[in-house]
Amino acid sequence: MLDIGQVILGIAILYWGAEWLIRGSAGIARAFGVKPLVVGLTVVAYGTSAPELAVSTKAALTGHPPIALGVVIGSCAANISLILGLTALISPPKVDRRIIRREVPVLVGSAIAVPILFRNGVLSRFEGYLLVACAIVFTIATLTVAARIDPNDELSPDPVDDDHVDSSTNLAAMRAEEAEEAGASIGGKAHPRSSRGFSLLMSAFGLLLLVAGSNFFVRGGRGIGADIGMSERMLGLTVIAIGTALPELIGSIVAATRGHSELAIGSVIGSNLLNVFLVLGVTASLHPIRLGERMHVVDLVGLVAITLLGVFVLRGSRRISRWEGAMLVAAYIAFIVCAALL
């Protein structure tokens, strides 16, 4: 019960840490006149990957690389199959054709890169730096494209209108508006300078919460794994991965119930790309990730297979049907079962 309590407490602290970091950073950016859409595509996007980054870094630095790698693989698998599948079951989302041309090829490349990078059993610091560089390049490219699509930083009145922003940009704009409201409550839009100090404190406190939450989460998760005889590899793939993906899962379900299921597509793709490029890259740059524990082929191949299945479902400018959503959820369950048995 103590271990379960630590996991629950860790998830709560990680969630609030990410929220405080996002709001504080957005408040600082707002105070310096940074455009809302830029805040959404940078501060918000990176902030939502903060829980995975904190947990993976903690696991790698404390000598538990299977957990760090399992978090990335498990979180990516949960995003593309479980979250997108549940969203489609609730409210079938419409796919924007621009995402198929732009982000999906990068998504497939990032998934294939994982088994290639681990071909020799270790992800070196240099390879970690390359992944971080990919995250930076992807962010710059996204900002460049978004600036052309939505120059006035206005939120599209219709979230699925192809003549306006796509789902990933629309999601960023909505989250940026939320950050703007939170920032306004800090110092008021009429006095931006007065909010800078408090926004900085919010960001610092958010980082501290992320560190504390990762400690509780990893410690509790390892305790549960030891109690039930679960390996660190499976612990990272399941309990910890789902725990760190919980904010995205809840957010996507809430968006679907409110008729904005399209936003889940951009969120899922962006989260997976940052998990591979940013989380895996930063973790490896701090401490090389060695497999340490025998890593089954099903884990690495399964990630690629689930990603390709997600791409098949996202094909064309159309809606993801409920039966395709059920297929995605079934694929996630099959992935976890095969990882446990093989």
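**Pairings and burial in a predicted helical chain**

The structure holds zero disulfides, a disulfide being a pair of cysteine sulfur atoms within 2.5 Å. The model is predicted: local features need pLDDT of at least 70, side-chain atom pairs count only at pLDDT 80 or more, and totals for chains, interfaces and linings use all residues. Residues are numbered from 1 along each chain as its sequence is written, and side-chain values use heavy atoms, with hydrogens and water left out. Cys-134 is partly exposed, at a relative accessible area of 36%. Cys-338 is also partly exposed, at 32%. Here buried means under 20% relative accessible area, exposed means over 50%, and partly exposed lies in between (1.4 Å probe, protein chains only).

The chain has twelve helices and two strands. These are DSSP runs, numbered from the N terminus: helices are H or I with at least four residues, strands are E with at least two. Their order along the sequence is α-α-α-α-α-β-α-α-α-α-α-β-α-α. The chain has 342 residues, of which 55% count as buried. Among contacts with a separation of 6 or more, 86% join residues 24 or more positions apart. Contact means heavy atoms within 4.5 Å.

A search of the whole structure finds one salt bridge. The term requires a side-chain nitrogen of Lys or Arg within 4 Å of a carboxyl oxygen of Asp or Glu. The partners are Asp-299 and Arg-233, with an N to O distance of 2.5 Å. Asp-299 belongs to helix α11 (residues 297–313) and Arg-233 to helix α9 (residues 232–257), so the pair links distant parts of the chain, 66 residues apart. Both Asp-299 and Arg-233 are buried.

Helix α11 also buries other residues, including Val-298, Leu-300, Gly-302, Leu-303 and Val-304. Further along α11, Ile-306, Thr-307, Gly-310 and Val-313 are buried. The 17 residues of α11 should span 24 Å at 1.5 Å a residue, and the end C-alpha atoms are 24 Å apart, which agrees. The expected span is 1.5 Å times one less than the number of residues.

In helix α9, Val-239 is partly exposed, with a relative accessible area of 29%. Leaving aside neighbours within four places in sequence, Val-239 is in contact with Phe-217 and Met-234. The C-alpha atoms of Val-239 and Gly-74 are separated by 9.0 Å, although these residues are 165 residues apart along the chain.

The structure holds one aromatic pair. Rings of Phe, Tyr and Trp (its six-membered ring) pair if their centres lie within 6.5 Å; planes under 30 degrees apart count as stacked, over 60 as edge-to-face and the rest as tilted. The rings of Trp-20 and Phe-205 have centres 5.2 Å apart and planes at 65°, so the pair is edge-to-face. Trp-20 lies in helix α1 (residues 2–31) and Phe-205 in helix α8 (residues 196–228), so parts 185 residues apart in sequence are tied together. Trp-20 is partly exposed at 30% relative accessibility. Phe-205 is partly exposed at 39%.

Ser-203 also lies in α8. Ser-203 is buried, at 7% relative accessibility. Not counting residues up to four places away in sequence, Ser-203 touches Trp-20, Leu-21, Gly-24, Ser-25 and Ile-28. Elsewhere, the charged end of Arg-219 sits over the ring of Phe-216, 5.7 Å from its centre. This label requires NZ of Lys or CZ of Arg within 6 Å of the ring centre and within 35 degrees of the ring normal.
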